[in-house]
Number of protein chains: 4
Amino acid sequence: MLRAVIKVGIVGGTGYTGAELLRILVRHPHAQVVMLTSRQEAGRRADQLFPQLRGHCALAFEPPDVTRLCACDAVFFATPHGTAMQMAPALVDAGVRVIDLSADFRFADPAVFKRWYGLDHACPQLLAEAVYGLPEVNRARIRTARVVGNPGCYPTAVQLGYLPLLEAGLVDCDTLIADCKSGVSGAGREAKLGSMFSEVADSLKAYGVGGHRHWPEIVQGLTRMAGSAIGLSFVPHLVPMVRGIHATLYARLHRPGAADLQALFERRYASEPFVDVLASGDHPETRGVRGSNVCRIAVHVAPDGRTVIVLSVIDNLVKGASGQAVQNFNLMFGLDETLGLVSPPLSP
Amino acid sequence: MLRAVIKVGIVGGTGYTGAELLRILVRHPHAQVVMLTSRQEAGRRADQLFPQLRGHCALAFEPPDVTRLCACDAVFFATPHGTAMQMAPALVDAGVRVIDLSADFRFADPAVFKRWYGLDHACPQLLAEAVYGLPEVNRARIRTARVVGNPGCYPTAVQLGYLPLLEAGLVDCDTLIADCKSGVSGAGREAKLGSMFSEVADSLKAYGVGGHRHWPEIVQGLTRMAGSAIGLSFVPHLVPMVRGIHATLYARLHRPGAADLQALFERRYASEPFVDVLASGDHPETRGVRGSNVCRIAVHVAPDGRTVIVLSVIDNLVKGASGQAVQNFNLMFGLDETLGLVSPPLSP
Amino acid sequence: MLRAVIKVGIVGGTGYTGAELLRILVRHPHAQVVMLTSRQEAGRRADQLFPQLRGHCALAFEPPDVTRLCACDAVFFATPHGTAMQMAPALVDAGVRVIDLSADFRFADPAVFKRWYGLDHACPQLLAEAVYGLPEVNRARIRTARVVGNPGCYPTAVQLGYLPLLEAGLVDCDTLIADCKSGVSGAGREAKLGSMFSEVADSLKAYGVGGHRHWPEIVQGLTRMAGSAIGLSFVPHLVPMVRGIHATLYARLHRPGAADLQALFERRYASEPFVDVLASGDHPETRGVRGSNVCRIAVHVAPDGRTVIVLSVIDNLVKGASGQAVQNFNLMFGLDETLGLVSPPLSP
Amino acid sequence: MLRAVIKVGIVGGTGYTGAELLRILVRHPHAQVVMLTSRQEAGRRADQLFPQLRGHCALAFEPPDVTRLCACDAVFFATPHGTAMQMAPALVDAGVRVIDLSADFRFADPAVFKRWYGLDHACPQLLAEAVYGLPEVNRARIRTARVVGNPGCYPTAVQLGYLPLLEAGLVDCDTLIADCKSGVSGAGREAKLGSMFSEVADSLKAYGVGGHRHWPEIVQGLTRMAGSAIGLSFVPHLVPMVRGIHATLYARLHRPGAADLQALFERRYASEPFVDVLASGDHPETRGVRGSNVCRIAVHVAPDGRTVIVLSVIDNLVKGASGQAVQNFNLMFGLDETLGLVSPPLSP
């Protein structure tokens, strides 16, 4: 059998999501990373920055160059927001499929993007056709998308946790509460005081209670699921662990006791390769999905019988970023959706 | 000036709360620990179990003996539930003041105690006069109490966070949500799989969603504050840190925008030595109170304007256990409430 | 091409090395785990103990039964010492290849085994033919071995670090110092006070300075390499991390400056798939090999010019246990030595 | 009794050693911090940077001004090297006692300072009279010193561990090996990639094997103790914990078995308030001295009978920096050496 090779470029591969893309793609049977770009690290080999890649990746970073990137079949953007929307139009014109891990292609409404990210959108037309890359919701559209806006980490955990409830119309959409906890890698690989070991170890804090950029992204997604307006309180917390997001989701049942929630969740996700519904009464741990693309969910009803509590965990760098990006890549190229994503989690 | 010496006994001092009582009391200007008991470690010096006490405490554990304990002025119980209620009546009869860190004297209703702890109460009469040891609520009664039921760790953080709102009647008491995160020391010093480093490090999970013993204690306290029935969802989470509790508390305002919540909290706690209200918009960190008796609180209103979000942090071993016990001890013996509790937190 | 399936049994798969064997073998292209045994957990599915295996392993534990195990082609022992030597003879007689991760088959001299492990050896004849499973030293003999004694974690890191120096006869064998640091998973999955999160987090200590069971194993290995008596000080330390061993190895050069040590190490390990020699001046990190079978080594000369300092890191559960066991399995069955062991490390 | 108040200034109090000085001094019965300086944070209150100081310190940072600092009785420098030597002469001229936590006044030989720190010394005359602030060695001279060069963290742990052996002339001074492990706070509070949580958590590495600035400081100290040349290999390691240094020290005995090392250490440190010698066979933990000024030491002889192994632990921010600085301050002002330094360690 002839094995197709899909040429892949990664723009901005010096952060944790870039390194994670490499970790996954170097073992992908059909993808071949042919180009890594970084203005800052141009000339340096990726395995010098990331010794875990020694023996797995011989590529060096080169300065970003759209013309050269056009030789790829697919380009991943693992850049801060604002970069992908500058380069994507030329790539798409050249027939390159684009998967953007930043926020540039996540919002249907460029005004929302501007309000939360402070930039005018550089290509609103391309934004209009971009598909939000949550396969459990948009699988069909992702297959044919030219540009995929890969979801944020919190939004992935929260949306997958609420999805069955909202689709089924079982809960009050006006009083949703998402209390979320994230490992420190979610803050990226930039040196900053707030991410230093001595600042976050042996401690926990909430942050961004007054407003976090993932809030509008979650609200957009939940609104589509519910088909109605969403009232959501979202509080992220910083946890002294490297990877992992735990979303604890609260909602009020319209009719307590009316629906078998366990069955609802199991049915909704029965054929999803990367959503794992635990048995009734269980509690997922973030380490149980470390290094894997799985979102693991448990659904509970509080003793009052009226409040649903959903526990949803992911690895923020995998299902919350690079793994989901590869899942989207697989869909876009007609491959088995799980290629490159089948290794068991690493635990302990 | 003559310095009064109050003779103190500690029953069951081999756990973390016992060690923490010693850490605090060995520097207390008026207390002198004269007796430490432990059936299991009898004969062993406390500083062999707890090397941090070397040079600070020369006592050895002895088997628990009520008669000998009656020579103390005050006895702290740092035992699992079920022990204090057996020994307290004889001590009280002998004029010894009792401060129980277990659950034995926390519940007004022995039936609630039995439902959640599985034991018939051994001295319901003494229970009836016992005072719940939350000084911010019961200061006057604690001063004269013969028996104080020292609050649990989660209940302390949650009650202090909700207190101003409930007293002022500003929120819907039927839809309260307390999403709480605790360090591992809260699970005690017993060897068990679920507390092992390799099981909890670099991970986070919820537990006890179906029912946790601190739920009825919190509900009892909030009910008294509100003067009406309480509907509370309480979800505890295990965090890879040693000390610290972070309670993230949600409530629905009856009349959004009607009250200045920041002023309300500042006023309510203005004269409290161990409650510190942060400025509007701040986020407390658990490490900021590590080793101290402070409960630090920030109050936020969600962007929807209707949901109050209170962030409340304590050190579970200090304000959540042994520090609060010493605060109660100070009150009971007419001392300055802060004696022994004035060292700054240890951070980083 | 017909893909051969090798039937594998795992005895005692309830610890961390057992779980790690499963993690590796469920993705191995030629091995099929057909039997898991555990007296204590008989009847329970492996993925209930280890949720990371959900979707990857549907096996349940069964009580150990030599007769049933004889249907396997290979049996791994992930048991405490004393078990494998009881069951191995019958298995070997039945033609089953045995890979023992415990200490039962590591020592050539049963008297040494008895001195350090307190047991008479149950099958000294089988011990006599067993091969010490360090492929970088014994590859040829491992291929044909019926029983392999898989090395301990510290011994693997230390031996690979000293190997080129001792083989080349460059250092004083009488004054070797191995200062080693290990993550907590090395202490196993049994609940014990010394492995609890609140006991080891945010702390470091040496242990076993007076004598540790890995000392005679290391000495045996180094003696064979050097062909002369070894004087070794070995001090292990417990580090607040889950996985990883860092061996810092000191030796005195016979003739300072005479040899190019960097070239020596690179040459010695040029064709080793799982030993990675860093460039001169580099420092390996344990996280750089997390989850992988690589031993990463850097060689330094102290400023005095006479002291060699070798830094050698492994993942104690992989190259220090289960990964090396699979490497040995591959060799024993004539497979590519790297099968099942090629995924990049997980970092951060 | 009249309580003397000693006015204290802290230059550069925005790092961890500055915060730690404040933590200690705000509770010191005779010191009063009257001035905090920082160019960068001028105008900001210290308790905004360090919330743990809320309620303990109302000072704000001001720009450094030698004239204003001259109103202090004592000035601590918690600055990077190069600052104290610029300001100290004027302060000393004004009668201010100076305690420098940087390296400026640690080296007798300005050429050594220049070689390792890259700067010409700004005041070699003052350097000539400065006293190295290790009280266990230089107590008498510290009492009268005008300038004290406070030791580095590694140097404190290493020198106190070797001191009895070298003074007694029992070991070969040419083959000393100090394998040291430090928590991340030792790297300071500056944002840098290598100190980020996701870079150091769950990992361990050696660094600076080719040369570390604490090496010449240690060698200078050991040389004085031994009265002869020192050959020392020093390898520092970065450990995923916040505070703590563990020095594992190796030395060859001249005459194995000739001396009772346990008695030697106990005798040498019998009257030292901050050196605690453990019983024979014990292993100190870094957490056992967390937050305290104690150096805890255990002395072992390796099974070969010829190698002494000393385990020496300190809190790098206390005995390794700010606590030792306050100990020196107490000595310089004729106070009880332990003032402000008597709280028990915080553990767990």
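Seven residue pairs are in polar contact across the interface between domain 1 and domain 2 of chain A, in what is a predicted model.

If you'd like to find a salt bridge for yourself, look for A:Glu217 and A:Arg106, whose side chains meet at 3.2 Å, N to O.

Now step back to the two domains. Domain 1 of chain A covers 6-129, while domain 2 covers 154-316. Each of them puts 14 residues into the contact. Their C-alpha centres sit 27 Å apart. Together, the two domains of chain A bury about 1200 Å², with 54% of that on carbon and sulfur atoms. On the domain 1 side, A:Tyr16, A:Arg106 and A:Trp116 stand out, supplying 47% of the area buried against domain 2, more than any other three residues.

A:Tyr16 also leads us to helix H1 (residues 16-25) of chain A, where nine of the ten residues are buried, so the helix is largely enclosed by the rest of the structure. Among the buried ones are A:Tyr16, A:Gly18, A:Glu20 and A:Arg23. What do the buried residues of H1(A) pack against? Within chain A, they pack against strands S1 (6-11), S2 (31-37) and S4 (74-77), plus helices H2 (46-49) and H12 (318-332). Chain D joins in as well, through its helix H9 (197-200).

Methods
Residues are numbered from 1 along each chain as its sequence is written. Chains are lettered from A and ligands numbered from 1 in the order in which they are written. This is a predicted model: local features need pLDDT of at least 70, side-chain atom pairs count only at pLDDT 80 or more; totals for chains, interfaces and linings use all residues. Side-chain values use heavy atoms; hydrogens and water are left out. Buried means under 20% relative accessible area, exposed over 50%, partly exposed in between (1.4 Å probe, protein chains only). Helices (H or I, at least four residues) and strands (E, at least two) are DSSP runs, numbered from the N terminus. Contact means heavy atoms within 4.5 Å. Domain bounds come from an automatic or database domain assignment. Buried area is the accessible area (1.4 Å probe) that two parts lose on being put together, summed over both. A salt bridge is a side-chain nitrogen of Lys or Arg within 4 Å of a carboxyl oxygen of Asp or Glu. A polar contact is a pair of N or O atoms within 3.5 Å; within protein, one must be able to donate a hydrogen and the other to accept it, and residues adjacent in sequence count only if both atoms are side-chain atoms.
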